[in-house]
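Before using this model, please look through the following notes with the coordinates open beside them.

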Amino acid sequence: KALLESRTATFEEAKALYAKDPNTPIYEEGIEELVSRDPGIQYLEAELVRLETESQTKRESLRETHPDIKDFQRRLDVIQGKLTTAKSETRGKRISEVEARLGQDIDIAVRTLQETEERTESFRKTIDDHNREQIKASPEIEQFRDATAEIDKLSTQKKDLELRQAELDLESQAPARVSIVSSPVVPTAPDSGRRLQLILLVLAGSASMGIAAALWRELTNQHARTPQDIAAVTPLPILALIPDATMERFGDNLHMPLLTKDFPDSPTADEVRRILARIIYPPDDTVEVNSCMITSPTRGDGKTTLACNLAIALAQANRRVLLIDVCPRNPRVEWSFGLEPDAGLAEALLGEASFDMLARPTELENLNVLGPGRRVEELRGKLASRAMTEFLEMVEKDYDHVIIDTPPALLMSDAKLLAPIVDGVVVVIGSGASTLGMFRRCLTELDQVSANLIGIVINRMKPTRGGYMRRNLELFYHYEDRSGEARVARDLPEMKISDMELDDENEDDSLEPAIVLLAGDERNPRRDPFKNG
């Protein structure tokens, strides 16, 4: 309560300062932050920055007396006046809202304090009553303890008598004569034959159970783990094999959605950039992918992480990128870039605000994000509308690439509704997350709507026995020419893939392993994605 009263006194001083000069910034209770986040203020500030930039450009090429310079100055003064007035009005509204909220908090604190004092007094009375009852019952408690000790003593005596009686009964039934059949023989060496047999049987049984469990797990595990598993389902090309984060040399502060920005030289970031080759440089008889949808069969495959990193990689390639989040039930894109949820795609499709005001810049140049918005209940019915198609056509004029993060294809229908109106679809499958049956069904539903499936991305892939991923990661981090001289073809040893040893201790660091072959046919991305029909 005292803290709230102190806050109220400080707020009253700020309120008096506002009454004296409405244009003075008020930082108490985060009022200036609320003012700066107002959409109207943000629009006027953006317009003011744009006019100042254009005015500076004009001043560099024209004289101060030129009519255009005066016109720009007049427009700047008008926008500055509107911005000052809007900030003053918004600041007054926010002060009123904060004042009402502080009053409510003080009332709640007073009621809570009164209830706490009443409960404390009741609790003290209960403790006093309990102490009085305990004092009254003390003699009876002592008598009970004495009786319990006596019972324990009698019980022990009873057990001793029963044991003695059993010994006497056994002695009374013994035979009268005792005869020695044979003399005892002391062994000269320890007899370990039975023990050794038992140990061997236990080891053989344990090995058999382990082998049987491993075979059963291998036969029943239907999760996608290797490119060969994907090739058995579809001939679509595998665009990238993203290794598991535990295989890389990252620090403790790892934020997976921004990995390409924080660790641009890592193998994971390099795999993400492999996808750019398919988007920026499409195969023959196909067009460049301007709008790309990222989806997955189910939750946990890593589609949002891939969408964020792919957008970052495109922005780093000096491409103007818009990252759209159409997951109304679980939006994660804005959180990934450290932004608070705000108006977004729903408001744009409903015509409540222009797209220029809704697209939110990030700390990366050339990259903007657009969340699902606040009116998510109405967004679900707009994804298959003409307004969504016209919206994509409009943003593709302002951006080089539009990356769309959708919900899992098997959990919600959003991906199936958006797939026909985008240029390409990338399906992400996490190793150990989605099963091959779920992956096959996901491809079936997307093919039913004639989606342009441009490739598959395997996420969180771990090294398998007989594979090259672990060795490739080591070579990636230790890649350098230690000799300082140019290598020629005759200096390289002649070898075959079958001659290479996979034991890490016996491998020669100078030999690079063969490149992992990706399953699929890149030349025909629109083939039937299901093997054997």
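Which residues point one way from S2, and which the other way?

1. Ser291, Met293 and Thr295 point one way from S2, while Cys292 and Ile294 point the other way, and all are buried, where buried means under 20% relative accessible area, exposed over 50% and partly exposed in between, with a 1.4 Å probe and protein chains only. S2 is accordingly described as mostly covered, with 5 of its 5 residues buried.

2. On provenance, this is a predicted model, in which local features need pLDDT of at least 70 and side-chain atom pairs count only at pLDDT 80 or more, whereas totals for chains, interfaces and linings use all residues. Residues are numbered from 1 along each chain as its sequence is written, and side-chain values use heavy atoms, with hydrogens and water left out.

3. The protein chain has 17 helices and 8 strands, these being DSSP runs numbered from the N terminus (helices H or I, at least four residues; strands E, at least two). Buried residues make up 35% of the 533 residues in the protein chain. Of the contacts (heavy atoms within 4.5 Å) in the protein chain with a separation of 6 or more, 79% come from residues 24 or more positions apart.

4. An open sheet of 8 strands, with mixed pairing, has the order S1-S8-S7-S2-S6-S3-S5-S4; two strands count as paired if DSSP finds at least two bridges between them. Strand S1 (238–243) and strand S4 (360–361) are the edge strands, each pairing on one side only. S2 pairs in the parallel sense with S6 over 4 bridges, and 4 bridges also join S2 to S7, again running parallel. Within these pairings, isoleucine 294 stands opposite aspartate 405 in S6, and the bridge partner of cysteine 292 in S7 is glycine 424. Strand S3 (residues 321–325) pairs with strand S6 (residues 401–405) in the parallel sense over 5 bridges, and there aspartate 325 stands opposite aspartate 405.

5. Helix H8 (residues 267–280) lies across S1, S2, S6 and S8, running at about 170° to S1. Helix H16 (residues 436–448) lies across S2, S7 and S8, running at about 170° to S7.

6. Phenylalanine 391 touches Ile324, Leu345, Ala348, Leu349, Phe355 and Leu370, not counting residues up to four places away in sequence.

7. Serine 296, in the loop between S2 and helix H9 (303–316), counts as buried because its relative accessible area is 1%. Its side chain reaches the backbone oxygen of threonine 298 at 3.1 Å. Not counting residues up to four places away in sequence, serine 296 touches Asp301, Lys303, Pro408, Ala409, Leu410, Val428 and Cys442.

8. Cysteine 442 counts as buried because its relative accessibility is 1%, and cysteine 308 likewise counts as buried, at 0%. The count of disulfides, each a pair of cysteine sulfur atoms within 2.5 Å, comes to 0.

Methods: Axes are lines fitted to C-alpha atoms, for helices over the stretch in contact, and angles run from 0 to 180 degrees between N-to-C directions. A polar contact is a pair of N or O atoms within 3.5 Å; within protein, one must be able to donate a hydrogen and the other to accept it, and residues adjacent in sequence count only if both atoms are side-chain atoms.
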